[in-house]
Amino acid sequence: MDSDVVLWIVVATALAFDFTNGFHDTANAVATSISTRAMQPRTAVTMAAVLNFVGAFISLEVAATVAKGIVEAELITPAIVFAGLIGAIAWNLTTWWFGLPSSSSHALIGGLVGAAFVAEGADAIIVSGLVESVMLPALVAPVLALVVAGAAILAAYALVGRLRPGPVTRAFRHGQILSGGLFSLAHGTNDAQKTMGIIFLALIAGGNLSADDGVPTWVVISAALAIAAGTYVGGARIIKTMATRIIKMDPAQGFAAQASGAAVIFSASAAGFPLSTTHVISGAIMGAGAAKRASAVRWGVAGNIVVAWILTLPAAALVGGAVYEIVALLGTDGLGPVVVSIALVVTLIAAFSRRAQIGRAAAEAGHA
Amino acid sequence: MTILAADLGSLVQVVFVSLGAGVGVTVVYSLAVLGAIRSTDSRRERRRRMSLAWGLLALVATIGVLAAVGAGLRVIAG
């Protein structure tokens with residue numbers, strides 16, 4: 001089978017991942033705006049989709065890190081990239097199914113690292129890049145967002161805390177259109193670039209580009225479109241978790257959380273860190289909540305999110321490694337990626353059909 | 001050759017820039033809210049000069065927020 005066919009399967013899979021990333025992470029961008037009633041859900045989701053698209057064009061530093069800073073690009077083949085992507089998609093959909101916010105970014109990197117390790121051994125992994133560009137920022141990001149949002153809301157309350165609450169609430173609701181927009185823009189900047197980096201890596205692995213080339217424009221546009229489409233379709237289950245189950249917020253807290261989250265993601269994007277937007281906004285929401293009253297945060301739900309953070313990298317790496325074994329068994333140059341792609345699509349259709357049946361049965365039982 | 005886009009120095013820079021930008025934008029927006037509400041209250045109490053001063057604070061702070069956002073985006077895009 002033509003190796004270009006495998007490459008196009010990888011590109012299509014990467015864009016599918018980008019779509020699920022937008023779908024999964026819609027909550028990050030819009031949860032606080034919806035929770036404080038600053039925006040209607042559909043308006044917030046539409047704005048997030050448009051700004052995710054625009055944000056994808058702002059910077060390419062993160063794409064460079066994903067393509068060249070985590071695995072040795074010369075040792076990577078399109079089949080490895082494909083297996084990593086399937087690992088990430090499988091983990092993303094599993095956490096979406098159970099309504100758990102996890103990290104699409106760490107799922108992607110975990111899947112890629114797992115597949116590269118199984119295929120080429122430890123030599124394929126740039127350990128220093130993985131530690132400095134992924135693992136350390138993964139630890140720092142949520143804590144940083146928590147501290148920044150906490151300091152921001154305390155400063156805001158010091159300035160406006162003694163004013164009449166009605167006008168303050170209205171003013172911060174208006175402000176949340178700006179802060180929510182900034183967060184969506186930041187999300188597009190950091191997250192769409194991960195897919196660009198993966199497609200870029202696949203093009204290098206397939207011999208279509210050299211590591212010194214820039215990211216092609218068609219890659220930037222297609223990644224931007226895929227994440228925007230995924231964001232628009234949205235994820236109501238995770239929005240519910242993020243918007244109401246972590247903490248009830250006032251608009252000032254929502255503003256502080258979104259502005260702080262956007263600040264963390266923008267500054268990390270400029271440095272080339274592929275951050276998890278989920279980690280950042282979760283930390284910021286907790287910081288804005290805990291600064292007002294520690295008991296206002298539902299720490300049990302926050303604990304579940306932390307467990308998902310801890311599991312994401314190793315779980316996606318395991319799935320990525322296992323998928324590579326299956327692909328290698330069937331043939332890395334053709335049959336393997338085709339069969340695994342078809343199997344994934346069939347599994348998804350079966351799972352969604354079953355879910356629809358269960359939903360209909362529950363609705364009928366409710367009417368009976 | 002391994003190309004690392006980021007290192008520990010960059011991470012420290014991210015920490016300080018995030019703190020400055022996140023807290024800064026929220027504080028300046030809060031000043032805009034404070035100015036706007038105080039300005040309205042002063043106008044109701046017929047204290048024109050105070051109303052003008054608070055209104056000026058609201059205007060400058062609003063411009064400050066927009067300028068900070070614009071400057072931040074320019075730095076990242078640049």
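A:Val113 touches A:Ile70, A:Ile125 and A:Leu130, leaving aside residues up to four places away in sequence; contact here means heavy atoms within 4.5 Å. This is a predicted model, in which local features need pLDDT of at least 70 and side-chain atom pairs count only at pLDDT 80 or more, while totals for chains, interfaces and linings use all residues. Residues are numbered from 1 along each chain as its sequence is written, chains are lettered from A and ligands numbered from 1 in the order in which they are written, and side-chain values use heavy atoms, with hydrogens and water left out.

**Residues of helix α5 in chain A**

- A:Val113 sits in helix α5 of chain A; helices (H or I, at least four residues) and strands (E, at least two) are DSSP runs, numbered from the N terminus.
- A:Val113 is buried because its relative accessible area is 14%; buried means under 20%, exposed over 50%, and partly exposed in between (1.4 Å probe, protein chains only).
- A:Val113 and A:Gly320 are 207 residues apart along the chain, yet their C-alpha atoms are separated by 7.8 Å.
- A:His106 also belongs to helix α5 of chain A.
- A:His106 has 2% relative accessibility, so it counts as buried.
- Which residues does A:His106 touch, not counting those up to four places away in sequence? They are A:Val134, A:Ala138, A:Pro274, A:Ser276, A:His279, A:Thr312 and A:Leu313.

**Nonpolar cores**

- The largest nonpolar core has 58 residues. Such a core is a set of buried Ala, Val, Leu, Ile, Met, Phe, Trp, Tyr and Cys residues joined through side-chain atoms within 4.5 Å.
- Inside this core, the residues with the most contacts are A:Val71, A:Val81, A:Leu85, A:Met196, A:Ile198 and A:Leu201.
- In chain A, α1 (3–35), α3 (61–68), α4 (78–97), α5 (104–120), α6 (127–160), α7 (165–205), α8 (217–233) and α12 (299–330) each supply at least two residues of this core.
- α4(A) gives the most to this core, with eleven residues.
- A:Ile198 touches A:Ala14, A:Val66, A:Val81, A:Leu85, A:Leu108 and A:Leu112, again not counting residues up to four places away in sequence.
- Another core lies apart from it and has 57 residues, including A:Ala156, A:Ile265, A:Phe273 and B:Val23.

**Helix packing**

- Two packed helices are described by the angle between their axes and the distance between the axes.
- α5(A) and α7(A) have axes that come within 10 Å and cross at roughly 20°. Axes are lines fitted to C-alpha atoms, for helices over the stretch in contact, and angles run from 0 to 180 degrees between N-to-C directions.
- That angle is why α5(A) is roughly parallel to α7(A). Angles under 35 degrees count as roughly parallel, over 145 as roughly antiparallel, 65 to 115 as roughly perpendicular and the rest as oblique.
- The crossing of α5(A) and α7(A) is left-handed. In a left-handed crossing the near helix is turned anticlockwise from the far one by less than a right angle; in a right-handed crossing it is turned clockwise.
- From α5(A), A:Ser105, A:Leu108 and A:Leu112 meet A:Asp191, A:Lys194, A:Ile198 and A:Leu201 of α7(A).
- The residues of this α5(A)–α7(A) contact are four nonpolar, one polar and two charged. Ala, Val, Leu, Ile, Met, Phe, Trp, Tyr, Cys and Pro count as nonpolar, Asp, Glu, Lys and Arg as charged, and the others, Gly among them, as polar.
- α6(A) packs with α10(A) (residues 251–271) at an angle of about 140°, with the axes 8 Å apart. α6(A) is therefore oblique to α10(A).
- The crossing of α6(A) and α10(A) is right-handed. Their contact holds eleven nonpolar residues, two polar and no charged.
- α6(A) and α11(A) (residues 277–292) have axes that come within 7 Å and cross at roughly 35°. This crossing is right-handed.
- The contact of α6(A) with α11(A) involves 14 nonpolar, four polar and one charged residue.

**Arginines and backbone**

- Most residues other than glycine have a negative phi.
- A:Arg37 has a positive phi of about 60° although it is not a glycine. A:Arg37 lies in the loop between α1 and α2 of chain A.
- With 68% relative accessibility, A:Arg37 counts as exposed.
- B:Arg46 has a positive phi of about 60° and is not a glycine. Its place is the loop between α1 (8–44) and α2 (48–77) of chain B.
- B:Arg46 counts as exposed because its relative accessibility is 76%.
- A:Arg42 is in helix α2 (residues 41–55) of chain A.
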